[in-house]
Amino acid sequence: MRQAKPRWLLSLLPWLSGLWLGLLALFLDGSGAAVEPRLDPSSTWVIGSAAIALVVLLAASLQQLAALVQAARRKEAGARLSWRLLRQMLVVALPPLLLLYVAALKFIHSSIEGWFVPDIAQGFQNALAVPQRVMELEQQRHALQLRSLVTELQALATAERDARLLQALDDLDALELSLFGTDRSVLASYAADPRFVLPRYPEQVPASFAGGRDYLYQLEPRDDGYVLHLVLALDSSRNAPVLQARFGLDPVLQTLASRIEDQARAYQRLSYLRGALRYTLSAVLSFVLLASALGAVFLALALARRIARPIQRLAAATEAVAQGDLTVKLDEAGDDELTALARGFNRMTRRLTEADQRVRAGQAELETERAYLAAVIERIRSGVITFDGRLRLTTANSAAHDLLEAELLSLRGLTTTELAAALPATAPLLLALERGYATGSAEWREELALADDRRLFLRVARLPEDGGLVAVFDDAGEVGRLQRETAWGEVARRLAHEIKNPLTPIQLAAERLRHRYLTRLGPEDGQVLDRATQTIVNQVDALKTMVNAFSDYAKAPRLRPERQALAPLVQEIVELYRGEDRLSFQIELDSQLPALRLDSGRIRQLLHNLISNACEAQPAPQPVLLSITAQVVSEASRAFVELLVADNGPGVDASIVERIFEPYVSTKPKGSGLGLAIVKRIIDEHGGQIRVEQRSGGGAQFRIRLPV
Amino acid sequence: MGKTGLNFRRVSAFATCVVVLCLLSGTTAAIATPALRLVDTEWLRGSVSEGLRVRLALELSGEPLQALEQGVALPFRLQWRRCEPGCGDVLGEQRIEMRHAPLLQRYMLQFDDSPPRQFPFRAALLGAFEQPPVLPLAPAAGWQVRVRLWREGLPAPLRLPALLRDSWQLDTDWQAVP
């Protein structure tokens, strides 16, 4: 606020200066011919304040002009429009001002000259000459009288001279008659007017009688009129005695003479002052012109910038919108065309904002769908790889990594030829893609064998945008396994259903026979009956066990996963088998294992089946040593908990290792043949992976990976 | 400052030129011989007229002379002040007026309210002007005197030209009385 106040005052100064100059222009009076001017243009404070105001206005105008020129050079919005407006306003304002100035000057000069006609001046001179002539005649008459008196006085003695002088005062109607000696002393003096009682030697005495003038005279202006003052020398000697006389003039003559003199002098003075009057009026008019011109320039600058300001704001707002800022709003106050433009602009930005929001929502939806699709592709078991129109690898999902056993993402951008060179094992697949691409087919299917004899089911489709390819492939062995698994599941379901029902009646009938007839028959027949019925009951039990296993395999219960730790489940199952003499465990579970989404019942079943499988595989009485380890691993940017269950048994027969997780694939003498199939199913249900490996020191190792 | 930087430099250059021109004009004016000079001063003690006698020198020409001949009265002020050591305001002044009386065809010279003196010739008028009456000052150190044309006494149309034109510069500076 402290800094804003001086700036506010500074911005007000030019306006105050302009106002002051306007007031001066209105009230300055350069004539003053008759009365004192209201505002004297020659007074120091007027000139000083006008100069200061002019400088302030000039400086403010120059500053604004310079700022406008620089803004126009930088091509700022609104600057060129302001410059154009300024030029046009000045063209409208200044020429008429100049024309008015020139016309006014001419008018003043010609008018002033017109006031002073030479005839009038001559008339005043003529009028003044009349009293001058009358007075001259009077002084000549009085001079003549005095000359006669002097002649008389020169012939008289002193006493008589004084009396004659006194007499002459009345005779001549003089105000004073004084006689001075050669030493300037007063010889005699008589006065009819108390003002002249004390005579004074005249300042000037006739120097000579040359030119016929032996006297001097002057008119003395007094408060009550003029007095004719004559001085006569009595002789022509150097310090001659002098006679001084004063006479009054006719009152009417004096009045008229005074008036004529005043008027003549006034006109003469006015006539002389017309030059100064022209000069002063011209100076005042020039000042008014300068003040008006400066004021016009300053006002034009202010108005031009004011008019251009809304357009400047509009340009700035447009630029902001172009830069992406749709929040900018223009002021809609007012009712002119610029306000309508501002309203239109605000409407446009509102619609742009809404459209932008819709686009963003659409993009977000698209992104969501893309992410969903990517997640689906990433999670499906089939390998999916895509190529662009030049057969360069663009994407590959995790299943493709696993199936082709390669880090395909690090090879993005390579062509099929380059990929085949980098991954020789995948060459048949890539060649198949090249062949299909070359034929221009929209889609095709085929089964091919990789270099390591694994078979793949391949389905390829051409992408519509750039003519690239999307290839989906599955492990043919896995597909067959899944098909067999599905078929076994259906068989198991049907068998379980068809066989389970009659087993109980058979068992009950055998037990009833045994109960009814065993005590009635003789020892030999009794033994036969006993053995037969016992065999029936035992085999029915075995069949029930087998049927239950079929049933468990056929209809797996609905998974109820919960986020929980794996280690407690492992410990729980291990504790159940602690009592087994020939079974020992070596447990190493990472203490930082993350929680997993697990169905605890199914995991327990999984562990139980693996432990049972190890026990069944190891012929008795050899001890069974089970090693269970768990740790976190990463593959293809995904984290897994890897559970290793290894035994010291005979290992896995190489002839069945590919199908070991299928139902009824087993080399064990005992067991339903469904244990590992159930384990595989549980792993699949949890989205994990399982693999069996032959241990180097003997025994089998099951590598289970569950996703974090 | 950035936006008006260039403007500020130009304005400064312009102002500098104006100042230089004004100084030059002032210097030029100072070199010219003044029309009115205070020639000397003298303390009068123990005589009939006790006080300060001042001698002036006036060369009346050009517009002031023309104005006098055309009936314009020329008023002057003979002023005095004390400086001890700082100089105060004007303590007193003697009014002097010279004019031409067309009826009498004489030049009139009046000091304060004393009766005007008549002179048939301009030379006599100027001679009398250059020897004004003794000023009623007590002899002491620190007195200063000056004479100036009293422009406020001129007719209004003449004041602005009298302010601006060189021929009307009938003023002396303050001069210390020894």
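A polar contact is a pair of N or O atoms within 3.5 Å; within protein, one atom must be able to donate a hydrogen and the other to accept it, and residues adjacent in sequence count only if both atoms are side-chain atoms. The model is predicted, with local features requiring pLDDT of at least 70, side-chain atom pairs counting only at pLDDT 80 or more, and totals for chains, interfaces and linings using all residues. Residues are numbered from 1 along each chain as its sequence is written, chains are lettered from A and ligands numbered from 1 in the order in which they are written, and side-chain values use heavy atoms, leaving out hydrogens and water.

The side chains of Asp474(A) and Ser382(A) are joined by a polar contact of 2.4 Å. Asp474(A) lies in strand E10 (residues 469-475) of chain A; strands are DSSP runs of E with at least two residues, helices runs of H or I with at least four, numbered from the N terminus. Asp474(A) counts as buried because its relative accessibility is 12%, the limit being under 20% relative accessible area (1.4 Å probe, protein chains only).

Chain B and chain A bury about 3200 Å² between them, 60% of it on carbon and sulfur atoms. Buried area is the accessible area (1.4 Å probe) that two parts lose on being put together, summed over both. On the chain B side, Leu103(B), Pro157(B) and Leu160(B) lose the most area to chain A, together 22% of what that side buries. Chain B contributes 35 residues to the contact and chain A 38 residues, where contact means heavy atoms within 4.5 Å.

Notes:
Buried means under 20% relative accessible area, exposed over 50%, partly exposed in between (1.4 Å probe, protein chains only).
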